[in-house]
Amino acid sequence: MKMEMGLQPSLTLISWAGKVIGMSPDGQSPEKLLGLPNGQTQVLGPGIEFSVSGFHEQPPPGLALLFENVTHGDRPTLQQLQTADFIAFERNGSSPALGGGWESCDWVFDDGTRSQSVRWFGQKDPPFRDMRVVANGSIPGRTYRDFFGIPADVPAPDGPVGDGEVISFLLFSLPTLEMKNPNLSVTVSFTAIPPAPVDASITPDIDAMGVLIHFAESDVTLRVQELLNMSTQLADAGRHDEALTAAQAATDVQRGSGTAPGQVLLPAGTAHDLTLIPATGYRFQPAARTVADFSFDVGVDGGVVVHPRFNGFAQSTAHTLTIKGHRVAVDGRDLANDLMPLSFVGGSGTLPRDRVNTLALVPASGYVLRTVGVPTADFPFTVDTDGKINLLDVPGGPIIMRPEDPPETLRSFYADLFMPARGSLRLFTDEKATRSLRTAIHDHQHGLLLGRVLRDEILAVIDELFDGATSEEEEDIALQHLLDSSRASDLAFLVNKLTWSGLDDELDQTDLNRIMDRLMVLMDRHDYLVGFLLRWFFLVDDNSLPNIDLVNVLTPFAASRSTEVRHSFADQCLIPTQRDAVLNGIAVMALRLRDPHLREFKLALDSAAGPELYRGVHLQRLSWDAFYTDRICSQLAVGEYRLLLSTLTDLVNPGNPQFPVQNIALFNMLRRWDRHFLALERAIAIVGTQRQQADVRRFMFTKKLFMDNFPPQPPAPGAPPAAFLAPIVAAIQAIQTTLTGVAGSFADLVNAVQAITDAIEDISVGQLLGTIDGDNAMAAVNTMAGEGLLALLPALYKSELLKRVMDGSVLDPVGDAREAAVLTVLRDTKTRSQAEFLQIAAGATWQLLDDSIQGSEFDELVQLFKFS
């Protein structure tokens, strides 16, 4: 069907918000506004702000129809709809704001390069109206509900969308921003505008928001041939001179995300004519839950454009796209069972174990081979764009791949799993024996014992063991099932189902300590992004890395990684949200005195740019940001103020190896982690001695002096280091003059800081909290929690405060106030990190927690042991 140009149903997509990337502490449930409108709202009240990103496309069925029944405010014209870039909806009860639509709020749109701020006034006669708001109005609830298919049973507190309810909308036009940028983020916050009429301070109840994407239409013919599952038999795999014979099998491909509405099955072995709109990033789905690592573009002239890196398996000529895929040999002759490609679109039958089977596959991640029969084992794998096979690593799952390019067949890959052809990886491989595919499958299956398929069975086994009186032997068996978990999600699932109070009834208290320790380790593995990135880059469990020779093993291996892997690693690290997650993760690990694997991470970052210096400047900055995050937080973790003073001199050192990038990184990280300095300073002010308080004040004064004199304008990107030298020299002289009364050189400044270092003492947890009583500890907890600083305190200090609060006796038992303080420490810590919560709870021991908390407070305690 041909369509005229205009705002047609298939030519406008709304990319709805897909994830929350930031929120104020008072934010309630911002996930309610993600995705399509559903009637569930996020209230935007005083002090509330949140940011969303990850926009994903959904085709509305004729957007212009939605605005045919505007009851208040602006009715957008077709031209306004075609030029609008962003839309937002809110529920407004029985009436809109006095301006006819939305209440007042502030918006910030950021495409990763540029940002724009828009203030919206909900008043009838606002001071001004921003021209980027092209329409503000309201429509009936019935129109809104029917258009988006909102169910009648919207849960409380929002409740159903009534026929006559007022639904308000805002349309923005932001032509200078790249709204299709995957890094696009949108922040909305409450606006109070004094002195303002009452309507300006009403709180918006936001349901959904998204980016409007408009297309024109043209025709494209898509040809898909020879795609997937050309079954090839090899008469004798031991003789390489035997001929191969091919037989066609029917395995199909599905059109995936980025296409016109709907999912269309494209059978293999024939050509298909599709009508597509000009766009970038069309993809295919060759297997369930799998999107091909291949995309193509359609130009405004209808021409098909394929990136050169896909030339090995796909070609385009004018309006025709031909996909042949890569041949992947699967040899399961060491197996006791056949293999079955799992969830391939269109089905591809069983791969007999008595022969070599060849599949023609497009590059993608998420392919799965499963052994037929019992027991089963799943083997997820990827096919790279160059045709190489890789077994998938997943967060929380084991690494079963050695760090070198796998051979062509899965059989030889597994057979040599522990014996690389080049002996450079001797420290983490077993060179004494090879393993058959059958053994490798057994090991892999054991490692994933509590996978999604089997964890229900494990739960049933434990339930049966706990039924009735439980013997010591049954307790040991149940505990071992729990401790055998290899993924955080599996153990959290079992704990949640069995409940912490149920485990407390059935197991010994020391057993619960072991469960806490195990879950903490698994959560660190799952949640710590740097660990996952290192497992991916080095293809070794990150906890094994410290035992591997950095110079002779890891460094040459990092340099040998392919260009595609290095560039992908760099891109993943530099995504703004993931860059923040990297630094936040390093900080939390360092403050908990857990190894953040900084040495190996810096090696990977420094190697990722390669000789071509891919994103070299950005990787260098992240490398130094990570370095100083670890240094600052690991020194704060144990109160090493003397070392922190020595670190300050790096800020103005003109002789730093990578001046001035290194200097700027330290400045940024000191500013980033400033509230962590404040948290420890506050604890010392509450419970510290006069000497400790004086020492920390002197440190904080010196730190502020360095920060205040740091040059306010860092050099522009690419500016020579000399451009920053004069401001640094001026900073040195200003700091030196304040400290000693006489200007001097950098060497003089180092001596002056050393004099301060010699005059103060470190303030370790033992020195600060070693003798305080429970009441003082409780006062520190309550004060810091009220100021929002308790969660930021290093783990050792929180652990000791917790123990001091619980330090009651028969004559001075732990009362309700102290029980509340214990819960406050645990609750605030869990809000920051579930793994840190488990670390502190395990450090206190379940025996002490159980003995110290009674009544309703105990019920609150066990509720904290529910995990996401």
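Leaving aside neighbours within four places in sequence, Q692 is in contact with I684, I763, Q767 and L768, where contact means heavy atoms within 4.5 Å. Q692 belongs to helix 20, residues 690–709. Helices here are DSSP runs of H or I of at least four residues, strands are runs of E of at least two, and both are numbered from the N terminus. With a relative accessible area of 9%, Q692 is buried. Buried stands for under 20% relative accessible area, exposed for over 50%, and partly exposed for values in between, with a 1.4 Å probe and protein chains only.

The side chain of Q692 also reaches the backbone nitrogen of T689, at 2.9 Å. A polar contact is a pair of N or O atoms within 3.5 Å; within protein, one must be able to donate a hydrogen and the other to accept it, and residues adjacent in sequence count only if both atoms are side-chain atoms.

## The model and its overall make-up

The structure is a predicted model, in which local features need pLDDT of at least 70 and side-chain atom pairs count only at pLDDT 80 or more, while totals for chains, interfaces and linings use all residues. Residues are numbered from 1 along each chain as its sequence is written, and side-chain values use heavy atoms, with hydrogens and water left out.

The protein contains 29 helices and 31 strands. Of its 868 residues, 51% count as buried. Among contacts with a separation of 6 or more, 70% are between residues 24 or more positions apart.

## Helix 13 and its two partners

Two packed helices are described by the angle between their axes and the distance between the axes. Axes are lines fitted to C-alpha atoms, for helices over the stretch in contact, and angles run from 0 to 180 degrees between N-to-C directions. Helix 11 (residues 529–538) packs with helix 13 at an angle of about 175 degrees, their axes lying 11 Å apart. The two are therefore roughly antiparallel; angles under 35 degrees count as roughly parallel, over 145 as roughly antiparallel, 65 to 115 as roughly perpendicular and the rest as oblique. Helix 11 contributes L533, W536 and F537 to the contact, and helix 13 contributes V565, R566, S568, F569, Q572 and C573. These residues comprise six nonpolar, two polar and one charged. In this classification, Ala, Val, Leu, Ile, Met, Phe, Trp, Tyr, Cys and Pro are nonpolar, Asp, Glu, Lys and Arg are charged, and the others, Gly among them, are polar.

Helix 13 (residues 563–574) also meets helix 16 (residues 616–636): their axes come within 11 Å and cross at roughly 60 degrees. This pair is therefore oblique. On the side of helix 13 the contact involves A570, C573 and L574, and on the side of helix 16 it involves H618, L619 and L622.

## The enclosed helix 27

Nine of the 11 residues of helix 27 (residues 834–844) are buried, so this helix is largely enclosed by the rest of the structure. The buried residues are Q834, A835, E836, F837, L838, I840, A841, A842 and A844. They pack against helix 10 (509–527), helix 25 (795–805), helix 26 (816–832) and helix 28 (846–852).

At the start of helix 27, a side-chain oxygen of S833 comes within 3.4 Å of the backbone nitrogen of A835. After the helix comes T845, with a positive phi near 80 degrees.

## Loops between helices

The loop between helix 17 (641–648) and helix 18 (661–672) holds N653, which is buried at 16% relative accessibility. The side chain of N653 reaches the backbone nitrogen of G655 at 2.8 Å. Not counting residues up to four places away in sequence, N653 touches F659, N663 and F746. F659 is joined to P660 by a cis peptide bond, with omega about 0 degrees, and P660 is found in the loop between helix 17 and helix 18.

Two other loop residues have positive phi without being glycine. L593, with phi of about 60 degrees, lies between helix 14 (576–591) and helix 15 (598–608) and is partly exposed at 46% relative accessibility. R615, with phi near 50 degrees, lies in the loop between helix 15 and helix 16 and is partly exposed at 32%.
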